[in-house]
Amino acid sequence: MKNFIIPLIVFLALYCFTGCDDFVDVEVPASQLTGSIVFEDHATANAAMADIYSKLRDSGLLSGNSIGSATCLGLYADELVYYGTNDENVFFLFNNSLLSNTSIVSQQWNESYHQIYCANAVIEGCQNSTALSTADKNQFIGEATFVRALVHFYLMNLHGDVPYITTTNYELNRVVTRMPTAEVYNHIITDLDQAIALLSENYISADRVRPNRSTASALLARVYLYKGDWAAASNAASAVLNNPAYVWENDIDKIFLKECTATIWQFSPKLDGNNADEGATFIFQSGSPPYVGLSSELVNSFTNNDLRKTHWIATVTDGTNTWYHANKYKQNTNTGTSVEYSIIFRLAEQYLIRAEARARQGELSNAKDDLNIVRHLAGLPDTAAVTADEVITAVMQERRFEFFTEYGHRFFDLKRNGFLNTILPTVKPGWNTTDQLWPIPETELLMNPNLTQNPGY
Amino acid sequence: MNNFSLNKGWLVLCYSLILGLCLCHSPLFAQNVPLSTTSKQQVTGTITDGGAPLTGVSISVKGEQKTVISNFDGKFTIAVSSNDILIFTYMGFKTVTMPVDGRSVINIRMQEDATTLQEVKINAGYYSVKESERTGSISKITSKDIEKQPVTNVLATMQGRMAGVDIVQDSGSPGGAFTIKIRGQNSLRADGNQPLYIIDGVPYSSETIGAIATSGTAPTLTSPLSSINPSDIESIEVLKDADATAIYGSRGANGVVLITTKKGKAGETSYTVNASTSFGSVTRTPKLMNTQQYLAMRQQAFANDGVTVFPSYAYDVNGTWNQNRYTDWQKELIGGTPEVNNLQASVSGGSQRTQYLLSGNYRTETTVFPGDFKYTKGATHFNMNHTSDDDRFKITFSANYIAQKNNQPSIDLTRVSRTLAPNAPALYDANGNLNWENSTWDNPLAGLLSQFDSRIKDLTANTVLLYAIRPNLQFKTSLGYSDLNSNESRTQPSTMYNPAYGVGSEISSLSTNQTTRTSWIVEPQLNWNKVIGKGKIDVLLGGTFQKQRTERLFLNGFGFASNSLIHDLASASIKTIDLSDETIYKYQAFFARMNYTWDERYILNVTARRDGSSRFGPGKQFATFGAIGAAWLFSNEALLKDNSVLSFGKLRTSYGTAGNDQIGDYQFLDTYTSSGNTYQGTIGLQPVRLFNPEFGWETNRKFEVAIETGFLKDRLFLTTAYYFNRSSNQLVGIPLPGTTGFSSLNANLDATVQNSGLEFTLRTVNFQHKHFEWTTNFNISINRNKLISYPGLESSTYVNTYVVGQPINSIKLYHYTGMNPTTGVYEFEDVNGDGTITSMGDRKTIADLSPRFFGGLQNQFKYKGFQLDFLFQFVKQQAFGSMPGVPGTAINQLASVSDAAAQQPYTAGANGAVTTVYYRYGLSDGNLQDASYVRLKNISLTYDLPLKFTHGVRCQLYMQGQNVLTFTHYSNGDPESKFSGYLPPLKVFTGGVKLTF
């Protein structure tokens, strides 16, 4: 026994005590790629960009699920009623009693800035890439810049002055200050102008699930509208409306189908056969509503001949009580083959943007033409509005009926027109004037002393 | 996979083992074959400790080499000459010398000897050391303490029994996790405070193996520690100070838990069967409002809000729900009686040269939740030791194999049981189906339809080869292998959703997580010792090579033709892979120890280790750790040598460093990984983290000084230890504001954090008589944590979290000044005097929620065949009170909240001011309460049946209780788990029987 043990000991001792430092070196795991390699190849760079869209679709303000802006802001304004009891976040939204430490606030904030980080990482990765073609770089940088502008736009409208993040450098990003809204607007517009320059007019994919140049223009039109730059809003909207790829759909039942020719940009669903998340969020088949229902005040303000009331709203009754849900998206489950995608930009908005922008500039006849296109789809006659104020009021009415439960349009329209504090207190007992801005998350203030809180929180 | 074969297999195995043991237990088997020695006679006898027989006592003849060992019922037979002298030795007992004097039967009663406890060898990991000669700080519990506790997690067995070891049960759900902190919180990383676990020399990864998508009811993901069967453990040693932990270098900063499993014992074949049944219930639930109080609150809330017509969705109060109905939801949802059945059987024996032990365990546990949930665990443990004829070669092999199947609801009903309106509807309708009461509520039992199913198979095996090259030079290699295989799944059938959605099994989903973790370790060592005059030198050199590979595969299935197919992934219409990865952790070290003892009075112990870990980036992988320890046995000085009062005295001290590499793998890489989300059929790639390639080792400097004194032949033994640990360059996930896109960044924190504390351990033998013995063990620990320095704190993200000079785990609170006498709204101190209360300006009151002190008091009584043990555990701490939601909203409250005068005005939600202040109150010192408690943690009564007539059978009956009584002023349920929304620890009563033959 001794004969073999001693050599073994010597061998092991030598093995141990002579350095073998590379024992602890490990390869990059197969499931990961180093950041720089991702942007040296079209397929992986595209996967990084695609992931941003899946994040927008599945979480944060752009998503159609139960905490997306459609639900959050529908409850926060006067579109939706919360029927559940046990979701504190939703209850706080519905009662306009958000606190700076309410989790939905920091959740949306963090998710938005994470999406912005990913967009910035794509921009920087493409800029540093040596192997990507210029066309690919333009495409990805254009898309990422567009996403960056879009998410910041929502943050600004919710929180007021917000930091505009254009780098992945955490040393800079952790000490940012709140940027005045006017500057945020400038950044958004600069980014969108760049996106418009970089993106091609043609969609790079079927189904319009990746933004093209017109998508950036569509957002730009909205941005100018909110900013009150009527001429620019009108021009940007025209840029979209003049694009022959978009064909007005005259059948109200086809607007939210994935093939609709009036769609500008929509989300590709996560799984085959999945449909827009909004369907699963809003639809219920028997009462009481398990989550949210449309407020009867909203339903009752439609005229009875408005096709949207009958086609985009469903009524549920148990014989004594009646409830309503948004029925724009009619699929609430997996249908094997997808029928509806979640639509972020559609043509009707561009018409109404241009209608409002034209009316504000006194181009009443053109404004009414745009407005009437939308009214006709709903089976309504030409608008009876005559004066500029009447036309503007009519457009605002139309926007309420056209865009209910879509991405918080109602809340933002009330806000930018200064109607929040006159309209909401009558229907929302918990409304305070300072509720027009969401709080900055408390965790954010604690970690970055350069940030300040909004009034009322 | 077949769910049932495993369980039945275990049952069959256990029962057949017992049956087999019974059959082969014949008188022939039970007796020693008489030795045929010509001029000698046979002496037989029984050895007891006054009550129970003593197994394994060495009986030798003075002046001869011959040794026999007493069997399981204390009997021995030895061939002697009539004038020989017999020597009876047994660890922990006084040696007895007895002349044969021509007798043929010699019965011996041995007395426990407190003094010899100093002779017990303590496992210090790579070496063992005599208790009296150790220079490090090591706490120990043995199987004697472990087997009295009806618990299933190894950490539970240590609770309250070790100074400096703070253990908290996070959840009472079967398989639920525990949190352990050895000498305070060292790392700011919540998941960076795990000690290093070593089972029979093999490091055992305690990293969680679950995935959020498939996790069950526990607040933390599945901990692999529940894969260790407490009844297979011989001893647990916890290494605390630098002297003991530095040899574990980079992994020793948080302490080391050494688990030694049971070994076979020489002697006749011994069989043990142990069966028990336990019943449990939730320890403590707070008293909540009844329907009348609740509705009065709700009505008042709407009245206060100026709402005269109850809204349509206020079902509880607007008449939709029966206003006279009352359900105690805590009783209904978490009031069940879990039943635990445990069956353990073992066989052991062997010769002087070869011993073996084989044991099996089968255990089932049900839950407090309504429904058929079960946690099943089967374990086998095998050990074999062999020594060659020339005593130069030794081999030890141990293997543990555990299979667990845990079927749990995937939600914990504890929170909803506290918040649900007391007049909420019935759970089931008249037909026995889930009652949704026309969608006016979310039936809490719907969540139980989503089931969590976990199957974990875990093998750890270890071989130690030892060869004595010369009598004082040994070569040893420890070879370890562990293989963990976990399969978790969670179902989400469409039936768990409100039928108002009108969705079917096309949205049902199944998430699965398959994790395998294998690791091997090789640790060659050389040990040399020499006696030079009065000095004794001991040198150890060794190396470690370890590699751990973890593979994870997370799969999802969506859409099933029927919910009855939901467990079959192949039946899903859409399948996705969320994660498929492999991580590798490699670790390498060289270590050395030099110990010098002079004249049994002065001891010097030096340890060092150089470590490399793959968790750090290039150039940062290696670091060196070391410690020096010294001890002075002043009771061996001539002056005190024969002192009648002081029987033992030792002063010891140590100083050194240890590290921590618990930061996860590959954290230094800037990488993208598959997100598992698809867009246009493309699987997305997402950035994993903000990366910082610069982070390196953190170092924890530990200092300790302790005095150990024994009085009156060690019948009173007191250990007092003071420690002082400072960690600098701490490796933390520095929290970052959301604007950076991530929540944290791995980096070394340029701050010094100190943990200092005192530990007292007192052991007394109060009575020691022939039929009655009473011993007491007491321990108490006080730990204080402090941030010593932090340059740049003002410009860091911790600016509003930490204060130099204060504990790092403290929190900043508003100072509550009382209720406004006119409005009834709570008020707080406006610290910065700006006229408003803001979190930045006014949260300035510092509260430390870590325990002020904790400890345990254990008493043991022995009277003839009876043995009674009980352990009181105590903790002094404060915690937040109940904050279920604003009083007046549709959330049930503590019964005390029905005293409206003591509350803010109730509001149903419309009063934003009250709502804001309510949550501010939750973060104020006004909501802090005393959560100290004293708990009768464990009580155990064992009775040894006096089975004189049935030869060779020992039968013990026992009753045990865990968490039996709790004394506390805490208003919010159980003070140990506080109220985390998860099931509190359970009160468990056990009855069982243990047969040895």
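This is a predicted model: local features need pLDDT of at least 70, side-chain atom pairs count only at pLDDT 80 or more; totals for chains, interfaces and linings use all residues.
Residues are numbered from 1 along each chain as its sequence is written, and chains are lettered from A and ligands numbered from 1 in the order in which they are written.

**View 1. Where chain B touches chain A.**
The contact draws 84 residues from chain B and 89 residues from chain A; two residues are in contact if their C-beta atoms, placed from the backbone, lie within 7 Å. On the chain B side, the elements that give two or more residues include strands E24 (509-532), E25 (535-560) and E27 (602-613), plus helices H8 (839-842) and H9 (912-922). The top contributor on that side is E26(B), with eleven residues. Sorted by class, the chain B side has 36 nonpolar, 41 polar and seven charged residues. (Here Ala, Val, Leu, Ile, Met, Phe, Trp, Tyr, Cys and Pro count as nonpolar, Asp, Glu, Lys and Arg as charged, and the others, Gly among them, as polar.) Helices (H or I, at least four residues) and strands (E, at least two) are DSSP runs, numbered from the N terminus.

Strand E1 (residues 32-34) of chain A is joined to E30(B) by three bridges, and the two run antiparallel; strands count as paired if DSSP finds at least two bridges between them. Look for Leu33(A) opposite Tyr672(B), and for Thr34(A), whose bridge partner in E30(B) is Thr671(B).

**View 2. H3(A) alongside H7(A).**
Helix H3 (residues 42-58) and helix H7 (residues 134-159) of chain A have axes that come within 11 Å and cross at roughly 15 degrees. Axes are lines fitted to C-alpha atoms, for helices over the stretch in contact, and angles run from 0 to 180 degrees between N-to-C directions. H3(A) and H7(A) are therefore roughly parallel to each other, the cut-off for that label being an angle under 35 degrees. Their crossing is left-handed, as the near helix is turned anticlockwise from the far one by less than a right angle. From H3(A), His42(A), Ala45(A), Met49(A) and Ile52(A) meet Asp136(A), Phe140(A), Glu143(A), Ala144(A) and Val147(A) in H7(A). That contact divides into six nonpolar, one polar and two charged residues.

**View 3. H10(A) against H11(A).**
Helix H10 (residues 213-227) and helix H11 (residues 230-241) of chain A pack at an angle of about 160 degrees, with their axes 8 Å apart. H10(A) and H11(A) are therefore roughly antiparallel to each other, a label kept for angles over 145 degrees. The crossing of H10(A) and H11(A) is left-handed. Residues making the contact include Leu220(A), Ala221(A) and Tyr224(A) of H10(A), and Ala233(A), Ala236(A) and Val240(A) of H11(A).

**View 4. A four-stranded sheet in chain B.**
This open sheet has the order E3-E2-E5-E6 (chain B), with antiparallel pairing. Its edge strands are E3 (67-69) and E6 (96-99), each pairing on one side only. Neighbouring strands are turned by 25 degrees against each other on average, direction ignored. Strand E5 (residues 85-89) of chain B pairs with E6(B) over four bridges, in the antiparallel sense. One pair to pick out is Ile87(B) with its bridge partner Thr97(B) in E6(B).

Most residues other than glycine have a negative phi, and most peptide bonds are trans. The bond from Gly287(A) to Ser288(A) is cis, with omega near 0 degrees; Ser288(A) is in the loop between helix H12 (277-282) and strand E4 (292-294) of chain A. Over in chain B, Ser439(B) isn't a glycine, yet it has a positive phi of about 60 degrees. Ser439(B) belongs to the loop between helix H7 (414-419) and strand E22 (451-470) of chain B.

Key
Angles under 35 degrees count as roughly parallel, over 145 as roughly antiparallel, 65 to 115 as roughly perpendicular and the rest as oblique.
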